[in-house]
Amino acid sequence: MSSSTPSSSAGGVGSADSAAPRRNSKRPKYSKFTQQELPACKPILTPRWVISAFMLVSIVFIPIGLVSLFASRDVVEIIDRYETACVPDGYKNDKVKKRMKKPIYVYYQLDNFYQNHRRYVKSRSDSQLKENSSWDDVSSCKPEDMSNGQPIVPCGLIAWSLFNDTYSFSLKSQQLAVNKKGISWKSDRDSKFGKDVFPKNFQNGTLKGGATLDPSIPLSEQEDLIVWMRTAALPTFRKLYGKIEQDLQPNDQILVTLDNNYNTYSFNGKKKLVLSTTSWLGGKNDFLGIAYLTVGGMCFFLALSFTVVYLIKPRRLGDPSYLSWNRNPGGH
Amino acid sequence: MKQFIISSETDAIREVEERGDQTEIARFMKEEVKKQLKQFLDEAPQYFCSPSGPKLALVIDGKCLMYALEPSLRIMLLTLSLNCSSVVCCRVSPLQKAQVTSLVKKGARKITLSIGDGANDVSMIQAAHIGIGISGLEGMQAVMASDFAIAQFRFLEDLLLVHGRWSYIRLCKVVMYFFYKNLAFTLTQFWFTFGTGFSGQRFYDDWFQSLYNVIFTALPVVIVGLFDQDISSSLSKKYPELYKEGVRNMFFNRRIVAIWACFAVYQSLVFFYFVSLSSSTSRDSDGKMFGLWDVSTMAFTCVVVTVNLRLLMMCNSITRWHYISVGGSIIVWFVFIFVYSGIMTRFDRNDNMFWVIYVLMSTSYFYVTLLLVPVAALLGDFLYLGVQRWFFPYDYQIVQESHKDDADSINTPDSQETKEHLTPDEARSNAISQLPKEVSKHSGFAFDSPGYESFFATQFGKYVPPKAWDVARRASMKSKSKPK
């Protein structure tokens with residue numbers, strides 16, 4: 001075995017000089033690391049491993065998929081598009097089909113609104129939102145940084161375009177209270193939006209982009225603004241409007257009174273009102289459940305087909321007749 | 001073996017040389033060489049027809065080579081040499097050595113390797129693509145001019161068949177993996193641009209992008225490049241035909257690159273669409289919604305995990321350094337994001353990432369998605385590897401399978417004793433390996449020094465049978481007759 005004999009081989013390690021006295025070796029110290037002899041596990045992907053891996057994945061994934069799908073099916077969701085009528089009658093009838101347990105979340109959904117546009121996402125000043133002392137740090141907020149020579153608080157396109165439709169609900173001529181507290185992320189309320197920062201000079205320009213803000217309420221309590229400023233990932237998104245802390249029974253008829261203030265007509269945006277419960281997995285989204293079931297099902301099918309192929313066309317492991325020089329002998 | 005000999009020691013040439021006329025000698029020798037080359041060239045094809053025919057060899061000496069290397073005869077020499085299994089040029093000058101090497105290098109356009117141990121080999125070593133110098137008895141000139149230096153001639157076998165082959169495989173893997181991981185990462189952002197109105201908003205935070213190749217995926221691929229061995233060194237020498245895989249460039253051709261690219265595209269689609277479609281509704285039972293940075297952190301986590309797991313899938317041998325580096329990279333990612341989203345500094349222009357990961361990890365959506373996305377992404381690769389190994393195996397995979405039950409014989413010379421039948425060579429090596437390692441038997445002679453090891457061996461009481469050629473050589477030195 002030449003590997004255990006003097007092994008100062010390739011790589012320019014250098015060699016012992018022959019002229020030196022024989023017992024004085026310059027051979028480098030042997031170590032498993034430098035001699036590439038580290039103990040290693042050498043996995044081989046035999047059919048047994050392939051089939052068991054696929055079976056394992058399908059056994060794990062199919063139940064998870066079913067559970068996720070049930071969780072999603074449990075969620076009751078009512079979606080209504082309302083901006084088709086420019087001035088809606090003001091009343092809309094929402095029929096509850098299944099029992100909805102409290103709290104019921106009210107969302108507004110916007111389509112074709114690109115909150116993830118680069119210049120939009122950039123147009124905010126987090127330092128200004130955090131503390132009063134940086135109230136004039138508006139450089140990144142162009143074009144909504146100054147108005148009438150004064151810096152705007154909160155500045156930027158995101159704040160300027162704050163959504164301002166309002167909704168109120170009544171059931172059997174009784175007003176349903178919508179809880180608008182606690183709809184934003186706690187970390188935002190506590191740390192990102194300051195308790196001593198008040199809106200100033202806001203929506204004072206020639207073009208109003210959205211809602212106005214009460215200048216006497218600090219930003220940390222302006223939850224609508226906080227929710228709106230967490231820019232969405234895709235052009236179709238929902239944002240939390242409030243919570244209804246009451247159960248709704250099937251066949252209840254909710255009357256919605258809404259103010260269609262927000263102008264989405266100029267860019268063909270759609271507006272929808274969503275009432276939804278949640279599950280442990282979140283809102284109504286079949287995607288995870290279906291994805292799990294698909295992956296699990298595919299793995300199961302692949303495991304079966306691999307088994308069939310393995311039985312039909314077996315190949316002995318390590319069969320030397322598959323070596324290319326044995327298959328075409330004499331080929332260069 | 002059929003030998004074609006072009007020698008300047010024939011009677012005809014000697015006769016002309018005795019006459020003393022230089023131009024006459026030159027002309028005559030050139031004619032002779034030309035005639036012989038032509039003759040051999042015509043003879044050679046008949047040996048090719050039968051694959052079991054004798055191998056061809058060309059023997060030419062320095063004087064004839066001088067004429068054979070002239071431009072008019074060079075092509076014939078090259079053609080003939082390439083048809084022969086081996087060519088022996090004797091009594092050549094250093095310049096001719098370099099000229100022969102260049103002839104093959106430029107004429108045959110093959111990769112040439114030259115090995116030598118003395119100062120007269122320097123020009124040859126430098127002329128070839130790869131020059132190997134043997135350090136030792138004749139000094140260090142060859143070593144200083146060479147690309148690789150070895151101590152004994154027999155280490156060339158190790159150099160080529162073991163380390164050269166491993167080096168090729170590792171290089172292919174490292175390069176391929178680098179392209180793949182960056183492709184998977186970048187294409188995810190590409191799919192995002194379709195949803196941003198093509199405004200150029202980046203999907204990932206700046207720090208994620210900068211540190212991706214530096215911290216989160218860098219170390220594992222380095223470990224693979226250092227340690228990956230498809231088969232052990234002894235098996236590499238036992239199956240020298242495997243060296244052809246490198247010669248034929250089987251692991252880095254267009255097909256392989258296209259396959260990796262396809263899988264990278266597929267994985268990027270999985271990363272982007274699985275994550276963004278599943279996060280379009282509220283995050284958990286308290287109804288709040290995810291924003292852009294939460295979705296991108298989720299996607300990035302999936303990318304890092306998947307890309308590191310894919311590395312493990314492509315290793316042939318997994319040492320503990322692999323586990324450490326892969327696990328370490330994933331852990332470093334989590335440590336980084338915990339720190340990054342836990343602090344708000346004055347220097348950040350945006351606090352986009354604040355608290356993102358903590359919120360994410362408090363939802364069950366995170367874990368459900370983190371289980372789904374890497375598995376779905378790697379499903380294609382796993383399937384491909386399984387099908388490729390089963391139906392279209394590479395040679396090294398067959399060798400791996402046939403020897404997978406061999407005990408790890410690297411550090412246990414005792415395992416050799418369990419084999420009943422040792423060839424004399426193996427017996428000799430075995431005996432030598434029994435010698436205590438600290439004492440140097442390493443002499444640095446270019447060729448195995450005769451009797452040297454047996455000298456030490458007998459000192460330790462082990463019997464080492466002398467080599468046959470050594471005995472013959474000693475016998476030949478006693479008389480002036482031709483060796484062997």
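In an unreviewed entry, UniProt places the feature "binding site" at B:Arg91, B:Lys97, B:Asn120 and B:Asp121. These residues span 31 residues in sequence, yet no two of their C-alpha atoms are more than 12.7 Å apart, so they gather at one spot. The model is predicted, and the positions come from the UniProt record.

Two of the annotated residues, B:Lys97 and B:Asp121, were examined in turn. B:Lys97 lies in helix α5 of chain B, which covers residues 94-108. Its relative accessibility is 16%; because buried means under 20%, B:Lys97 counts as buried. Beyond residues up to four places away in sequence, B:Lys97 touches B:Val92, B:Asn120, B:Asp121 and B:Met124. Two of these partners, B:Asn120 and B:Asp121, also carry the UniProt annotation.

B:Asp121 sits in a loop of chain B. The loop runs between β4 (113-116) and α6 (122-127). At 5% relative accessibility, B:Asp121 is buried. Apart from neighbours within four places in sequence, B:Asp121 is in contact with B:Lys97 and B:Gly116. The side chains of B:Asp121 and B:Lys97 are joined by a polar contact of 2.5 Å.

Chain B contains 22 helices and 6 strands. Among contacts in chain B with a separation of 6 or more, 70% are between residues 24 or more positions apart. The chain exposes about 23,200 Å². Carbon and sulfur atoms supply 62% of that area.

Rolling a probe the size of a water molecule over the atoms shows where empty space is left. The count comes to 9 cavities of 30 Å³ or more. The largest cavity holds about 230 Å³ of space. Its lining comprises 23 residues. Those closest to its centre are A:Arg238, A:Lys239, B:Met289, B:Phe290 and B:Gly291.

Two elements of chain A, α6 (223-229) and β9 (237-244), each supply at least two residues of the lining of the largest cavity. β9 of chain A gives the most, with 4 residues.

Methods: Residues numbered from 1 in each chain as written. Chains lettered and ligands numbered in written order. Predicted model: local features only at pLDDT ≥ 70, side-chain atom pairs only at ≥ 80, totals over all residues. Heavy atoms only, no water. UniProt positions renumbered as here; feature names shortened; annotations may be inferred. Buried < 20%, exposed > 50% of the residue type's maximum accessible area, 1.4 Å probe, protein only. Contact = heavy atoms within 4.5 Å. Polar contact = N/O pair within 3.5 Å; in protein donor to acceptor, adjacent residues only side chain to side chain. Areas by Shrake-Rupley, 256 points an atom, 1.4 Å probe, with all protein chains shown as cover. 1 Å grid on protein atoms, 1.4 Å probe; cavity = no way out; pocket = protein on both sides within 12 Å on 5 of 7 lines; lining within 4 Å. Points joined across faces, edges and corners; volume = space filled by probe spheres on them.
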